[in-house]
Amino acid sequence: MTKKELEQLIDLKNEIKELEQSILKIQQMYIGDAPVAVDASKKNFPYIQGKTIVHGYDPVLAKKRSEHLCEKKILLEDRRKKAVNEEKRLIQYINDIPESRIRRIMQFRYIDGFTWEKIGEAMHCDRTTVEKSITRYLKKNL
């Protein structure tokens with residue numbers, strides 16, 4: 001495992017939330033309403049002919065929108081599944097670390113998203129100490 005892979009964990013969590021919001025928006029879209037221009041005339045004399053826009057159901061447009069949204073939803077679901085699987089893999093790696101101190105530092109940094117300074121405060125040491133501890137652990141266990 002590398003630092004670069006572990007750093008992805010924070011972004012993966014954000015990506016999963018964003019993808020879930022996008023999927024929810026797609027599910028909530030109303031796809032049947034479509035503006036259509038029609039021929040019309042005024043109600044009273046002189047009956048001047050013109051165009052007006054009405055909203056109605058256009059089955060062709062609704063089908064196109066539905067297909068497009070379905071494809072987009074499938075792609076987003078696929079990306080979400082991949083992100084969730086990667087997140088699980090990284091969290092499992094952290095959970096399997098036998099050293100409590102290293103496991104706690106990684107929990108704070110990569111799962112909780114703490115800064116190195118905040119982790120140093122929590123662990124009662126300097127920020128460089130905790131960062132170097134992780135670097136040494138990762139190099140040793142490559």
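Read from the N terminus on, the elements of this protein follow the order α-β-β-α-α-α-α, which amounts to 5 helices and 2 strands. Helices (H or I, at least four residues) and strands (E, at least two) are taken here as DSSP runs, numbered from the N terminus. The model is predicted, and local features need a pLDDT of at least 70, side-chain atom pairs count only at pLDDT 80 or more, while totals for chains, interfaces and linings use all residues. Residues are numbered from 1 along each chain as its sequence is written, and side-chain values use heavy atoms, with hydrogens and water left out.

The overall form comes next. Along its principal axes the C-alpha trace of the protein spans about 90 × 25 × 15 Å. A compact globule of 142 residues would have a radius of gyration near 14 Å, whereas the protein has 27 Å; this radius is taken over C-alpha atoms, and the globule rule is 2.2 Å times the number of residues to the power 0.38. Buried residues make up 25% of the 142 residues, where buried means under 20% relative accessible area, exposed means over 50%, and partly exposed lies in between (1.4 Å probe, protein chains only). Among the contacts in the protein with a separation of 6 or more, 59% come from residues 24 or more positions apart, a contact being heavy atoms within 4.5 Å.

Consider now how two of the helices meet. Two packed helices are described by the angle between their axes and the distance between the axes. Helix H1 (residues 3-28) and helix H3 (residues 100-111) pack at an angle of about 50°, with their axes 8 Å apart, and that makes H1 oblique to H3. The axes are lines fitted to C-alpha atoms, for helices over the stretch in contact, and angles run from 0 to 180 degrees between N-to-C directions; angles under 35 degrees count as roughly parallel, over 145 as roughly antiparallel, 65 to 115 as roughly perpendicular and the rest as oblique. On the H1 side the contact is made by Lys3, Leu6, Glu7, Leu9, Ile10 and Lys13, and on the H3 side by Met106, Arg109, Tyr110 and Ile111.

One of these residues deserves a second look. Arginine 109 lies in helix H3 and is buried, with a relative accessible area of 16%. Not counting residues up to four places away in sequence, arginine 109 touches Glu7, Ile10, Phe114, Thr115, Trp116 and Ile119. Another buried residue is serine 133, at 9% relative accessibility, which lies in helix H5 (residues 127-140) and touches Arg101, Ile102 and Ile105, again not counting residues up to four places away in sequence.

In the loop between strand E1 (33-41) and E2 sits proline 46, which a cis peptide bond joins to phenylalanine 45, with omega at about -5°. Histidine 124, in the loop between helix H4 (116-123) and H5, has a positive phi of about 60° although it is not a glycine, and histidine 124 is exposed, with a relative accessible area of 73%.
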